[in-house]
Amino acid sequence: ESLLKDYDHPSLRMIFDNLQSLTSQLKQIQTYAEFSSDLITVNRVNTNIKKEFLELAEEFKLKAEKKGLEFNYLLPDNDDHYGLDPALLKAAVTNLLNNALKTTNEGKIYLKIEIQMIYPKVANIFFSVKDPGPGMASSQIQQLLNGQVFGNEDKAESNRNNLDIFTARILTERMAGKLSGESELGFGSAFCITLPVFKARGRF
């Protein structure tokens, strides 16, 4: 009983919380090192965007409904194929959706995929995820993309959310894309992957 009382001492609790935070930061450093290495290879194949992401969108729609949220998505209405790595791309988008789902307690989450042709065989594909969560100051967006730790009183949960965005950024850049974000405190956040691709017929 005395040990329990000692453990509940504010100083010991603070030390324990700091150790948890440090452990989370070390995991982030390890993840960054792994993603920065050559362990991740990009395997571009002929991919139908609509077909590839329909299942993922429906999966997150069910997850959102279980949490009492709405999930709306808009996919390309054509069946064109583009040269990209579907596994890496879905992993990046999944991290953005996971972040939106974890930080949102009410309202609608949006996934929108748009294709913008630049030349006859070259396009930019935009993967946008928007949520009505707590949002953040605009100055914190770059910190989030860089994997810096900040957030609410639940440090462990906040760190996991930060890592979702950071991981999405690393995966996106590995595919020669760019992840951008915007947010306003109290009005939610929006993140967008911009991926340049070639319109393709065969395997890369």
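Lysine 112 counts as partly exposed, at 36% relative accessibility. Buried means under 20% relative accessible area, exposed over 50%, and partly exposed in between (1.4 Å probe, protein chains only). This is a predicted model: local features need pLDDT of at least 70, side-chain atom pairs count only at pLDDT 80 or more, and totals for chains, interfaces and linings use all residues. Residues are numbered from 1 along each chain as its sequence is written, and side-chain values use heavy atoms, with hydrogens and water left out.

**Salt bridges**

Lysine 112 has a partner. Glutamate 114 forms a salt bridge with lysine 112. Glutamate 114 is partly exposed too, with a relative accessible area of 37%. A salt bridge is a side-chain nitrogen of Lys or Arg within 4 Å of a carboxyl oxygen of Asp or Glu. By this rule the count comes to seven. Side chains of opposite charge can pair when their charged atoms come close.

| Glutamate 114 | Lysine 112 | 3.6 Å |

Glutamate 70 lies in strand S2 (residues 70–74) and lysine 108 in strand S4 (residues 108–119), so the pair ties together parts that are 38 residues apart in sequence. Helices (H or I, at least four residues) and strands (E, at least two) are DSSP runs, numbered from the N terminus. Glutamate 70 is partly exposed at 44% relative accessibility. Lysine 108 is partly exposed at 32%.

Lysine 102 is partly exposed, with a relative accessible area of 33%. Aspartate 164 is buried, at 9%.

**Aromatic rings**

The structure holds two aromatic pairs. Rings of Phe, Tyr and Trp (its six-membered ring) pair if their centres lie within 6.5 Å; planes under 30 degrees apart count as stacked, over 60 as edge-to-face and the rest as tilted.

Phenylalanine 53 lies in helix H3 (residues 49–66) and phenylalanine 127 in strand S5 (residues 122–131), so the pair ties together parts that are 74 residues apart in sequence. Both phenylalanine 53 and phenylalanine 127 are buried.

The rings of phenylalanine 71 and tyrosine 73 form a tilted pair, because their planes stand at 45°, with centres 6.3 Å apart. Phenylalanine 71 is buried at 6% relative accessibility. Tyrosine 73 is partly exposed, at 26%.

A charge also meets a ring. The charged end of lysine 63 sits over the ring of phenylalanine 60, 4.6 Å from its centre. The rule asks for NZ of Lys or CZ of Arg within 6 Å of the ring centre and within 35 degrees of the ring normal.

**Serine 189**

Serine 189 is found in strand S7 (residues 189–199). At 7% relative accessibility, serine 189 is buried. Its neighbours by contact (heavy atoms within 4.5 Å) include Val129, Lys130, Asp131, Glu182 and Ser183, not counting residues up to four places away in sequence.
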